[in-house]
Amino acid sequence: MGILHGGWLVAKILKREGVEVVFTLSGGHVAGIYDGCLREGIRVVDTRHEQAAVHAAEGWARVTRKPGVALLTGGPGVTDGITGVANAYLAGSPVLVIGMLSGKPGPAFLEMPMDILANFADTDESFDPGEPANYRYQGRTAPDPAMVEQAVALLSKAQRPVIMAGTAVWWCDAAEPLRQLAERLNAPVYLNGAGRGCLPPTHPLFFSHSRRKALEGSDTILAIGTRMDFRLNHGQPPLIPAEANVIWLDMAAEDVGVNRGAQAALVGDVGLSMGQLTKGAQQLVAGEWLEYIREQERKGYERDSAALNSDAVPIHPMRFCREIRDFIDEDTTVVGDGGDIVSYAGRVINVSKPGYWLDAGPMGTLGTGTGFAMAAQLARPGQRVLMVYGDGSFGLNGMEFESMVRQKLPIVAIIGNDGAWGQIKHPQKAIIGHTTAAELTPGIRYDKVVEALGGYGELVERAEDIRPALERAFASGLPACVNVLIDPDKPYSRSTNVAV
Ligand SMILES: Cc1ncc(C[n+]2csc(CCOP(=O)(O)OP(=O)(O)O)c2C)c(N)n1
Ligand SMILES: [Mg+2]
């Protein structure tokens, strides 16, 4: 190869790792790597804040299951990116310069001193680590057979099983083993996090409106690649019965048994673990339990139907989400970034394919959406990427619409604009009695902000105008913002009153 500068060497290794795109905000420190990337055919996509660059890298990892790479310049570039790293850490997304792919994925930070990047090396003489296959374990890890036996024994006694499947199902590409296990147990399946889409909403064991009743009534809970965090009442009663047997599957031992003990734990690739359970468990018949769940599901939909069909002005957030639900096709990636509006979206909108729903993850970082959406659009050119956005969240990384315009990424954002940090405002009012620092100016024209940045924008005040506005926004071929004024007095009702 001859004499190459340090930045070029870095790019060569990235290329060998299959990296197609890097996300960055410029700085002298990393300029050599840009040069290397151009020479190696790696796309350099730049953002307006380093945090957004790291979120974009995480978004890339989330949609491709390959490491996402962010290049940050030394000092403030790195410190600005820290929130992005933290979000990726908690979500277990392989991010930053050379992510970890074997074992449990997560972000890794590699510091590159300036003298290495700017200097030259004779590649004929220096050591070459070879192909990634030679230095990184490529196989999957299977669970301990004794633990599998223990879990199978518990399943043989199960009468009211429930499957809660989350993010690791996506990372392990395990949608098919999930379907097989669910069918073997005839257990209702509820999805969260990146697990959404891992069982299509058309499957008879897919449920979404009966989760509370199912968990509260269950005797056996299979927690598959999901945390028992605030979303599951920390694994505690009344949501998770004290006497229920928990069979916990996850990629790393450190994630099992947190907040709630497990009667059996299977650690390793969750696809392999589910396969072993399906092999070992006897076929359970669909009986009264499933009938009860179907009934609860039907009642759940009934409870929602008035709000879903509401024609009220300002628009009910449930109606807002229903319009989105009816608009998307199975190739639309939905990115949620906000508070209450994303909770509503999670309740109403179902995606049909794994990897087509992206929310911030367990850290709940507002502002992740623009980066995630940019990455999704880059990874899925020609497919629709739709951001469901809070007006508060728009303020954190909304400047990225300029990056999208410049890089021709025609993402459409639909804002549920309630003129507030709604998810904070409502509980604060209920608990403390005032809304300090939780209000925003009502009716702000974020659509005009996006227009000013070179995109397309529309304001919508009536529910029936949402769909045509979305159609025009996608037809514009530009990054777009459909700014929808929604009812500020419809807080999402949740069992705990505290949000992060
Ligand atoms: C970076 C960051 N800062 C603050 C919070 C706390 N927080 C959680 S939800 C929320 C309100 C979000 O408001 P908006 O995006 O308008 O959505 P809404 O709840 O109004 O639908 C805030 C401030 C957070 N999760 N992330
Ligand atoms: Mg809001």
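Student: Which hand does the crossing of helix 14 and helix 15 have?
Tutor: This is a predicted model. In it, helix 14 and helix 15 pack with their axes 9 Å apart. The hand of the crossing of helix 14 and helix 15 is right-handed.

Student: Is helix 14 parallel or oblique to helix 15?
Tutor: The packing angle is about 50°. Angles under 35 degrees count as roughly parallel, and 65 to 115 as roughly perpendicular. Helix 14 is therefore, relative to helix 15, oblique.

Student: How many residues in the contact of helix 14 with helix 15 are charged?
Tutor: Helix 14 brings Pro 317, Met 318, Cys 321, Arg 322, Ile 324 and Arg 325. Helix 15 answers with Asp 340, Ile 341, Tyr 344, Ala 345 and Val 348. By class, 8 are nonpolar and none is polar. The charged residues number 3.

Student: How are helix 13 and helix 14 oriented to each other?
Tutor: Helix 13 spans residues 288–308, and helix 14 spans residues 317–327. Their axes come within 8 Å and cross at roughly 95°. The range 65 to 115 degrees counts as roughly perpendicular. So helix 13 and helix 14 are roughly perpendicular.

Student: Which residues of helix 14 make the contact with helix 13?
Tutor: On helix 13, the contact uses Asp 304, Ala 307 and Leu 308. The residues of this contact divide into 3 nonpolar, no polar and 3 charged. From helix 14 come Met 318, Arg 319 and Arg 322.

Student: Which peptide bond from Val 313 is cis?
Tutor: Most peptide bonds are trans. The bond in question has omega near -5°. Its proline is found in the loop between helix 13 and helix 14. The cis bond runs from Val 313 to Pro 314.

Student: What phi does Asp 173 have?
Tutor: Most residues other than glycine have a negative phi. Asp 173 is in the loop between helix 9 (167–171) and helix 10 (175–185). Asp 173 is not a glycine, yet its phi is positive, at about 50°.

Student: Which strands are the edge strands of the open sheet of 6 strands?
Tutor: The strand order is 12-11-13-14-16-15, with parallel pairing. An edge strand pairs on one side only. The edge strands are strand 12 (357–358) and strand 15 (456–460).

Student: What is the bridge partner of Ile 415 in strand 16?
Tutor: Strand 14 (residues 412–417) and strand 16 (residues 480–485) run parallel. They are joined by 6 bridges. In strand 16, the partner of Ile 415 is Asn 483.

Student: At what angle do the axes of helix 1 and helix 2 cross?
Tutor: The axes of helix 1 (residues 6–16) and helix 2 (residues 31–40) come within 7 Å. The crossing is right-handed. Helix 1 is oblique to helix 2. The angle is roughly 50°.

Student: Which elements give two or more residues to the shell around ligand 1?
Tutor: There are 21 residues around ligand 1. Gly 339, Gly 390, Gly 392, Gly 422 and Gln 423 come nearest. The shell divides into 7 nonpolar, 11 polar and 3 charged. The elements asked for are helix 15 (340–348), helix 17 (391–397) and helix 19 (422–431).

Conventions: Residues are numbered from 1 along each chain as its sequence is written. Chains are lettered from A and ligands numbered from 1 in the order in which they are written. This is a predicted model: local features need pLDDT of at least 70, side-chain atom pairs count only at pLDDT 80 or more; totals for chains, interfaces and linings use all residues. A residue is near a molecule or strand if its C-beta atom, placed from the backbone, lies within 6 Å of it. Helices (H or I, at least four residues) and strands (E, at least two) are DSSP runs, numbered from the N terminus. Ala, Val, Leu, Ile, Met, Phe, Trp, Tyr, Cys and Pro count as nonpolar, Asp, Glu, Lys and Arg as charged, and the others, Gly among them, as polar. Axes are lines fitted to C-alpha atoms, for helices over the stretch in contact, and angles run from 0 to 180 degrees between N-to-C directions. Angles under 35 degrees count as roughly parallel, over 145 as roughly antiparallel, 65 to 115 as roughly perpendicular and the rest as oblique. Two residues are in contact if their C-beta atoms, placed from the backbone, lie within 7 Å. Two strands pair if DSSP finds at least two bridges between them. A crossing is left-handed if the near helix is turned anticlockwise from the far one by less than a right angle, and right-handed if clockwise.
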